[in-house]
Amino acid sequence: MGDRQQLSIASGVVERITKDVMLYTRDIVDIQDKIQMMKDKGQEKHDIMKQEEILEETIQMIPESQSRLETAVLELSTILDHFVSGDIPPGAEQDIEKSQQILNEGMELLDSWSGS
């Protein structure tokens with residue numbers, strides 16, 4: 001497999017996991033709001049409990065995603081280091097720049113977890 005293809009795949013993995021985590025985070029807030037609304041309206045306790053189960057399952061996805069993101073960021077970083085330390089193939093500059101941006105976004109998300 002070519003280096004540029006590996007770079008593309010690794011970048012795609014980091015980008016996908018980062019988006020997944022952002023969606024999980026947004027879903028957590030949405031579900032919490034829905035549960036509060038259901039409680040305020042006095043809806044069935046069973047329905048509220050079901051939403052709380054969904055909330056717990058969504059919350060449990062965050063640590064798994066964090067672990068996957070750490071692995072993916074490390075792999076992308078290694079591939080980028082290979083490109084930067086060697087000869088950059090013609091036309092790869094744009095791919096490298098995009099991959100570096102994706103790597104930075106993944107690292108920022110990881111940093112936000114370690115800072116909280």
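How many salt bridges does a search of the whole structure find? The search finds six, a salt bridge being a side-chain nitrogen of Lys or Arg within 4 Å of a carboxyl oxygen of Asp or Glu.

Before you start: this is a predicted model, in which local features need pLDDT of at least 70 and side-chain atom pairs count only at pLDDT 80 or more, while totals for chains, interfaces and linings use all residues. Residues are numbered from 1 along each chain as its sequence is written, and side-chain values use heavy atoms, with hydrogens and water left out.

**Stop 1: Arg4 and Asp95**

Select Arg4 and Asp95, which form a salt bridge with the closest N and O atoms 2.7 Å apart. Arg4 belongs to helix α1 (residues 3–40) and Asp95 to helix α3 (residues 93–115), so this pair links distant parts of the chain, 91 residues apart. Helices here are DSSP runs (H or I, at least four residues; strands are E, at least two), numbered from the N terminus. Arg4 is partly exposed at 36% relative accessibility, and Asp95 is partly exposed at 30%. The cut-offs are under 20% relative accessible area for buried, over 50% for exposed, and partly exposed in between (1.4 Å probe, protein chains only).

**Stop 2: Asp20 and Arg68**

Next, select Asp20 and Arg68. Their salt bridge has its closest N and O atoms 3.7 Å apart. Asp20 is in helix α1 and Arg68 in helix α2 (residues 45–85), so the pair ties together parts that are 48 residues apart in sequence. Asp20 has a relative accessible area of 21% and is partly exposed; Arg68, at 27%, is also partly exposed.

**Stop 3**

Arg68 and Glu64 are four residues apart in helix α2, so about one helical turn separates them. Glu64 counts as partly exposed, with 42% relative accessibility. Side chains of opposite charge can pair when their charged atoms come close.

**Stop 4: Thr58**

Finally, move to Thr58, which lies in helix α2. Is Thr58 buried or exposed? Thr58 counts as buried, at 11% relative accessibility. To see what surrounds Thr58, select Tyr24, Asp27, Ile28 and Ile31, with which Thr58 is in contact once its neighbours within four places in sequence are left aside. Contact means heavy atoms within 4.5 Å.
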